[in-house]
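Reader: I am new to this. Could you take one close look at the place where the chains meet, and walk me through it?

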2 protein chains.
Amino acid sequence: MFSQTAEYAMRAIVWLAEHRDNEKMFGHREISRGTKVPESYLPKILNSLVKADLVISKRGAGGGFRLSRDPVAISLLQVMNAVDPLQRIHSCPLKLKAHKSQLCPVHAKLDATLAEVEKTLANSTIQEVLYQPNFPHPLRE
Amino acid sequence: MFSQTAEYAMRAIVWLAEHRDNEKMFGHREISRGTKVPESYLPKILNSLVKADLVISKRGAGGGFRLSRDPVAISLLQVMNAVDPLQRIHSCPLKLKAHKSQLCPVHAKLDATLAEVEKTLANSTIQEVLYQPNFPHPLRE
DNA sequence: TCTATAATGGATAAAGTTGTCCTTTATTGC
DNA sequence: GCAATAAAGGACAACTTTATCCATTATAGA
């Protein structure tokens, strides 16, 4: 349902949120170790997050990655959409003309389900999922 | 989010529901024309639906496919699960021991979202999406 | 029993996703 | 400027999903 890449992106953002410290940058190797995201694949994912403006990168010595803003201002939906945009059903997949202005009940129901998911993810912040009483800490053994 | 195969399966089930007529069987070519599912791929999908016991097939002359039961007794979730099972997050994707008995808030939230989807699809029947006032008919131009 | 019909199952191809590696570009400190 | 460092970007490999095709199996009717 959610792609592997989306799962990886969530872990990377959460790791960066947990290690956030002013403007300190973290290399992709260190992030990979902390998230178990394949070291060679992680840079692609971080780059998508940079392009979505959720993460800031800096090249060269002392460079690396950091969150662009407070975890309270990043939603799970923004993370998803950065790497694997949630595709709503905007138009009839069969391209039927009669369904152009309005989806049939089948696709309307499927899209309503997607809308629910979108809303749930939009209303959850990274801050919220960092720690909750009686839950184990993300990424921590 | 929902796979192409799941979309095709929905169309095929809906088509069979709309054409249901006692024990009449329909060939995959006719169903393909009515659903725009690729003719060579549709038999695979119908076969999955047969294995899930939502559809009954019969070989040979006069054979084909038909629904195994009333559309009111088939949920969208059953159709999904027949071809592309909705994967809940049952255990920590990082295999962290500390998350064995309980998911961390990140995965708990993602799984809660999947649970929502599961519930919504489980509570929608094929009968419900066949026709609704002020909606265009499924599959019909 | 023979022929026509239609699903089943397996092999294969095409496309998309995930993962690896290497070169290029940018940045820092000497 | 030079060397070391680290992200960006592109080529490519492995795997999965989607799609095609063909041989096999089952059924009906003559």
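Author: Start with the contact. Chain B brings 44 residues to it and chain A brings 43 residues. Contact here means heavy atoms within 4.5 Å.

A word on the model. This is a predicted model, in which local features need pLDDT of at least 70, side-chain atom pairs count only at pLDDT 80 or more, and totals for chains, interfaces and linings use all residues. Residues are numbered from 1 along each chain as its sequence is written, chains are lettered from A and ligands numbered from 1 in the order in which they are written, and side-chain values use heavy atoms, with hydrogens and water left out.

Now the area. Between them, chain B and chain A bury about 4,000 Å². Carbon and sulfur atoms account for 69% of it. Buried area is the accessible area (1.4 Å probe) that two parts lose on being put together, summed over both. Three residues stand out on the side of chain B. Met1(B), Leu94(B) and Pro105(B) supply 17% of the area that chain B buries against chain A, more than any other three residues.

Which elements of chain B touch chain A with two or more residues? They are helix H1 (4-19), helix H4 (76-83) and helix H5 (105-122) of chain B. Helices (H or I, at least four residues) and strands (E, at least two) are DSSP runs, numbered from the N terminus. H5(B) gives the most, with 12 residues. By kind, the residues on this side of chain B split into 26 nonpolar, 10 polar and 8 charged. Ala, Val, Leu, Ile, Met, Phe, Trp, Tyr, Cys and Pro count as nonpolar; Asp, Glu, Lys and Arg count as charged; the others, Gly among them, count as polar.

Next, the pairs across the interface. The rule finds 11 residue pairs in polar contact between chain B and chain A, both residues at pLDDT 80 or more. A polar contact is a pair of N or O atoms within 3.5 Å; within protein, one must be able to donate a hydrogen and the other to accept it, and residues adjacent in sequence count only if both atoms are side-chain atoms. Salt bridges between chain B and chain A number 0. A salt bridge is a side-chain nitrogen of Lys or Arg within 4 Å of a carboxyl oxygen of Asp or Glu. Over all chains, the whole structure has 14 salt bridges. One of them joins the side chains of Arg88(A) and Asp111(A), at 2.8 Å from N to O. Arg88(A) lies in the loop between helix H4 (76-83) and helix H5 (105-122) of chain A, Asp111(A) lies in helix H5 of chain A, and 23 residues separate them.

How do the copies relate? Chain B can be laid on chain A with an RMSD of 0.0 Å, by a turn of 180° and a shift of 0.0 Å along the axis. That is the relation of a two-fold axis. In chain B, the C-alpha nearest the axis belongs to Met1(B), 2.8 Å from it. The superposition is by least squares on the C-alpha atoms of residues with pLDDT of at least 70 in both copies. Of the interface residues of chain B, 98% are also interface residues in chain A, so the copies meet through the same surface.

Last, the chain behind the contact. Chain A has 6 helices and 2 strands. From the N terminus on, its elements run α-α-α-β-β-α-α-α.
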